[in-house]
Amino acid sequence: MANEKKHYACPNCNTKLPLKRIFLLNNNSEVTCDKCGYVARPEKMGMWYIGTTFFAVVIPGQIVLWQKGSFIEAVAIGLSVGVVVYGAILVYVYNKVKFY
Ligand SMILES: [Zn+2]
């Protein structure tokens with residue numbers, strides 16, 4: 001299993017790419033490998049994840065605002081749900097997106 005491709009790794013030397021770069025990863029990202037200097041690009045991910053995060057924040061927020069009339073609570077709940085969804089998306093990207 002020595003040649004098995006790792007997740008979120010340099011396609012050239014198979015070293016893990018800098019994890020901090022995942023937070024702002026998009027289709028135009030270039031992640032430079034710490035070890036060999038290879039500039040890796042993620043495969044096309046589509047824009048679904050930005051839309052998903054947006055709706056995950058806006059929809060719960062809107063529901064709370066509509067039911068309770070509290071803007072502060074709406075923002076707090078919207079952001080809480082958004083953070084959870086964003087976290088789930090990062091895990092997905094980490095495990096699924098391939099670099100070339
Ligand atoms: Zn490398």
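Where is Asn14 found, relative to β1? I started my notebook with that one, and Asn14 turned out to sit in the segment before β1. A reminder to myself before going on: this is a predicted model.

**Entry: Asn14 and its backbone**
I looked up phi of Asn14 and found a value near 65°, which is positive in a residue other than glycine. I noted it since most residues other than glycine have a negative phi. Next I asked myself: is Asn14 buried, exposed or partly exposed? I found 15 C-beta neighbours inside 10 Å, so Asn14 counts as partly exposed.

**Entry: Tyr8**
Tyr8 also lies in the segment before β1, a strand that spans 31-32. I read its phi as near 50°, again a positive value in a residue other than glycine. For Tyr8 I found 21 other C-beta atoms within 10 Å; the cut-off for buried is 20 or more, so Tyr8 is buried.

**Entry: the core**
Which residues make up the largest nonpolar core? I listed five: Tyr8, Cys10, Leu17, Cys33 and Phe99. In soluble globular proteins, nonpolar side chains tend to be buried together. Leaving out residues up to four places away in sequence, Phe99 touches Pro11, Leu17, Val31, Ala40, Arg41 and Pro42.

**Entry: the two helices**
I turned to helix α1 (residues 48-68) and helix α2 (residues 71-96), whose axes come within 8 Å and cross at roughly 155°. Angles over 145 degrees count as roughly antiparallel, so α1 is roughly antiparallel to α2. I logged the crossing as right-handed. On the α1 side, the contact residues include Tyr49, Ala56, Val57, Gly61, Val64 and Lys68. On the α2 side, I picked out Phe71, Glu73, Ile77, Gly78, Val85 and Ile89, among others. What is the make-up of this contact? I have it as 16 nonpolar, five polar and two charged residues.

**Entry: Tyr94**
I finished in helix α2, the place of Tyr94. With 14 other C-beta atoms within 10 Å, Tyr94 is partly exposed. Which residues does Tyr94 touch, once those up to four places away in sequence are set aside? I found His7, Tyr8 and Ile22.

Key: Residues are numbered from 1 along each chain as its sequence is written. This is a predicted model: local features need pLDDT of at least 70, side-chain atom pairs count only at pLDDT 80 or more; totals for chains, interfaces and linings use all residues. A nonpolar core is a set of buried Ala, Val, Leu, Ile, Met, Phe, Trp, Tyr and Cys residues joined through C-beta atoms within 7 Å. A residue is buried if 20 or more other C-beta atoms lie within 10 Å of its own, exposed if 12 or fewer, and partly exposed in between; C-beta atoms are placed from the backbone. Two residues are in contact if their C-beta atoms, placed from the backbone, lie within 7 Å. Axes are lines fitted to C-alpha atoms, for helices over the stretch in contact, and angles run from 0 to 180 degrees between N-to-C directions. Helices (H or I, at least four residues) and strands (E, at least two) are DSSP runs, numbered from the N terminus. Angles under 35 degrees count as roughly parallel, over 145 as roughly antiparallel, 65 to 115 as roughly perpendicular and the rest as oblique. A crossing is left-handed if the near helix is turned anticlockwise from the far one by less than a right angle, and right-handed if clockwise. Ala, Val, Leu, Ile, Met, Phe, Trp, Tyr, Cys and Pro count as nonpolar, Asp, Glu, Lys and Arg as charged, and the others, Gly among them, as polar.
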